[in-house]
Amino acid sequence: MTPSQIVHPAADPDGLEDRLRRFATIWSRAVFPVTATSLTRAEVEEHLLPLARMLSESLHARVFDPRAAQRIGAALVEAHCTDPEALSRTLGVVDAYLVLYCGLGPAQSTDPAAEDGRARCARLQHAVAAGFAGALRTRTLGEQEAIARSALQARSDAVSALHATETRLRAVFEGAAIGIGIADLDGNVLELNETLTRMFGGLEHHVRGKKVTDWAHPEDRPHVWQLHRELIRGEREHFRVEKPFFRNDGTVLWTNLTVSLLRDTEGRPQYQLVLLEDTTERRLLNLRLRYEATHDALTGLPNRTLFSERLEKAISGGENRRFGLCYLDLDGFKVINDSLGHATGDRLLVEVADRLQSCATAPGEMVARLGGDEFVALTTGPDTQHEVRELASRILGVLAAPIRVDGRELSVRGSIGIVEGPAGERTTAEVLRSADITMYRAKSAGGNRYEIADPELDARAITRHGLTTALPAALERGEFFIEYQPLVHMDDGSVHGAEALVRWHHPQHGVLGPDQFIPLAEHTGLIVPLGRWVLQEAVRQAMYWQENHADGGPLRINVNLSPTQLHHPGLVTDTVAVLEGSGLAPGALCLEVTESALIGADEQLLKPLRQLADMGVDIALDDFGTGYSNLANLRRLPVSVLKLDRSFTQGMQHLPVDPVDVKIVEGIVSLAHSLELAVTVEGVETGAQAEQLRELGCDTAQGWYYARPGPPDRLHALSLADAV
Amino acid sequence: MERPVWAAPGIDISMPSVSRMHDFYLGGSHNFEVDREAARRVLALLPGLPKVMQANRAFMSRAVRYAAARGVTQFLDIGSGIPAFGGVHEVALKADPDSRVLCADRDPVAVAHGRAALGKGAAAAFIAADLRRPRQIIDSPEFAGLFDPDRPVALLLLSVLHFVEDADDPYGAVAELRDALAPGSLIVINHAAYDGVPVPEEQAARAVDVYREIRNPLIMRSQDHIARFFEGYEMVEPGLVSPPDWRPDAPAEQEDPYAFTGFAGVGRKA
């Protein structure tokens, strides 16, 4: 090898490249295990190949400059071979293989040039190490600075975020509609917002100058400060109460107060957070609403609501307590209202209220307006039996003087019903009803007086007055039911049919018979829907019997028609609809009309009955013999049955029978039969009676002797029995 | 007590951070003594740990190149940590210069560092977000700004799921992410496991204890449990394997024994 070959190693390019490659392979195998690079070993080798070439070139440079090798050390650091072991292994590989693979060849190893090569190699290693150390130092410092800067940046970001949050929270704190304050556990106020200061009257030092415990108020609920002590001790996290405070000026501030305990990071109690919602106005409003809800707007007297509360309290009072109640209704007020107008009527009521108010001034007395011209006065004094009459007399007394309204002298009188008695026996509703009934008694007796409640008289009034008002609801609630009394063939005693008798199962008074409520229903017109219901039910029942128990022949059904029903234009349509709806043959239905309802009936009134009779419906003349009938008239009526009133047969209950009765019945039966009318007798109670009537030729009968009215299944049993 | 919103975890640099420990394992200096102290305790038990990291990063490189080769150039890297060198961003841009990369981490120091490192390019962003709250990421303006939601995304969950405890429902979070991505999207996961660790499991468990002590528990999961993160996606060949066995460039036998620790895999949304 000549010196020129040292200067121009590329003269043998193939051989050198191959050796450089092998050097790079060895190098990469040495350092790869101690690198953290994500490159593969082959990639690392590719990375090291140019570095190997640089080393080789430095080794052979005409002017030797080892500093070039510093680049090699730096390149290792750049390739993330930062582990000191990577340097150590690199130097080992350079030391052992650089001259071997990139030098002049083993033959010249003892040459001065080879000697020079090894010296160069050693100095190259020094430079690689220096370059590595320098680059690693620079990189380490750079990375340390970068991470420190990042940590600072993160902290500063967090501080700005905290600041932004604090700013927002401060805005919430200051702008909140509720008062917010923070105090330490000793009660020293540390922070408070504008709202809280304003709530207390606008002086901040007034709030700050006091400890939390100085905020007591005489109207504090007793447990407030107990709750507060528990919170300070850490036994509760928060509490919420309604609490009054004194403002700067001594006025009262009502609040919903919430106190919460704030703990430190170790969980120890640290601060108390106070939230105050000003409820002063709401409270006033509530009081006003409560007043308005319990007082009459016109007269300012307590209204029905407040009165009921007081009465409730009075009658549910302890033992030996009594109460007295005056129920006042003005006499003739309606006339004043109608003739002079409501405005005058109202002014009159205001004056009456004032006068009544002056009558009930003793403790335990009150006056209230229930509505319209109805007032009540209540006394719960020690001697109500005496006091309540006194009270009623005073009321009648103050009403005696004429009342001047709009320049007129109006004379007003009143009727008073008094209820007096021991507490704990009756409900408010019962007391008021009794007072109302008694007041009506006073009114019927001419007014301008008081009457005292009497249980017996009440009961009688109830059947008239109370039942009338309860009737419509009773029909809706299904309180009516029907009992059936059998009609029996007199010749063989078999069941011919039944009369439907309506009953009212009254929730308070029990089962009521038709004579107790039918006149009332007549009076109010409720008889029409009630009658329609009875017809429907009875026809449905008859149909049921026909379908299920026709063994003894079809059973007929008798249904009563009241005078009002008779006049009702829907009678025929309703009846037809009911029959068609059920499928019952018209001939199985008999409508019973009282004789008195048909007295003087003109053709117009008889027309619907005639229509029904033409369809095949039987019409029976009920209570025959009580209404001074024009017997000649019977021919004209669309009637097929006569029901003989029980008064004719009463004389035959026991032997010896009254011969006059026998003659009369005999005559009627003969007359009826000659007009082709069947005769039914009512009120048969004994066997003797039955036998006598059978002999007289009556066709059918009903009465206790055969069966009392009962539920529909009883009739069925009876019918089966006679079929056997 | 719930941590206030402004007090993100990791601000307290007197506590070790797994991001900075990771950097130290890889020979970096983006760390503080407290990190190095913890890392040295781990290294005493698992001296070859850097090789695990290296194998995982090599897997990441191959997976990113795999994605880019299939036209998936939107990369969502959650739990990026401190990308000292050869990070997702670097590899992706090298594989396809049009790549978009969104990095996310809940460690604010890592975020600050990541932002400084990424600079203000239009193709990459780094956000402070938590994997446990996936909507923070999907609904972020950066996500909307960088990605076309109709095109597939490569979701990279690299060495991050093993820092999410079951109590924080990592399966729910990953499912939400999977469901949010367009068909053709890829999910790239590597996860720590006792499988393949070349030391007795008891010794590895003591290393795991160190992470619990620094309040950043490391959750070792079985292969079956790790496979559940891919639910609904088709596994790309060769499936869920040790990191060096996933589509190696060179024969995997040459690797350090530590490299075969844990599992790695890629799933694809049909």
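Predicted model: local features only at pLDDT ≥ 70, side-chain atom pairs only at ≥ 80, totals over all residues.
The buried residues in α5(A) are A:A86, A:L87, A:R89, A:T90, A:V93, A:V94, A:L98, A:V99, A:Y101 and A:C102. So you'll see an arginine, A:R89, and a threonine, A:T90, in that buried set, along with residues such as A:V93 and A:L98.

If you trace the helix itself, α5 of chain A covers residues 84–102, which is 19 residues. From first C-alpha to last, α5(A) reaches 25 Å, close to the expected 27 Å.

Now let's hop over to a loop in chain A. A:F648 sits between β19 (641–644) and α23 (659–674). Is this phenylalanine buried or exposed? A:F648 counts as buried, because 21 C-beta neighbours fall inside 10 Å, and the cut-off is 20 or more. Leaving out residues up to four places away in sequence, A:F648 touches A:G625, A:D661, A:I664 and A:V665.

On to chain B. Here we have 10 helices and seven strands. Chain B has 270 residues, and 50% of them count as buried. Looking at contacts in chain B between residues at least 6 apart in sequence, 73% join residues at least 24 apart.

How many residues are in the largest nonpolar core? That core has 73 residues, and B:V64, B:A154, B:L155, B:L156, B:L157 and B:V188 have the most contacts inside it. Helix α3(B) gives the largest share of this core, 10 residues. As for B:V64, its contacts beyond four places in sequence are B:F75, B:V88, B:V91, B:A92 and B:A95. Another core, of 65 residues, lies apart from that one, and its members include A:F480, A:V593, A:A620 and A:V669.

Last stop, the place where the two chains meet. Chain B puts 31 residues into the contact and chain A puts in 26. On the chain B side, the elements giving two or more residues are α3 (49–69) and α5 (108–118). By class, that side of chain B has 17 nonpolar, 10 polar and four charged residues.

Key. Residues numbered from 1 in each chain as written. Chains lettered and ligands numbered in written order. Helix = DSSP H or I, 4+ residues; strand = E, 2+ residues; numbered from the N terminus. Expected span 1.5 Å × (residues − 1). Buried ≥ 20, exposed ≤ 12 C-beta atoms within 10 Å, placed from the backbone. Contact = placed C-beta atoms within 7 Å. Nonpolar A, V, L, I, M, F, W, Y, C, P; charged D, E, K, R; others polar. Core = buried A, V, L, I, M, F, W, Y, C linked by C-beta atoms within 7 Å.
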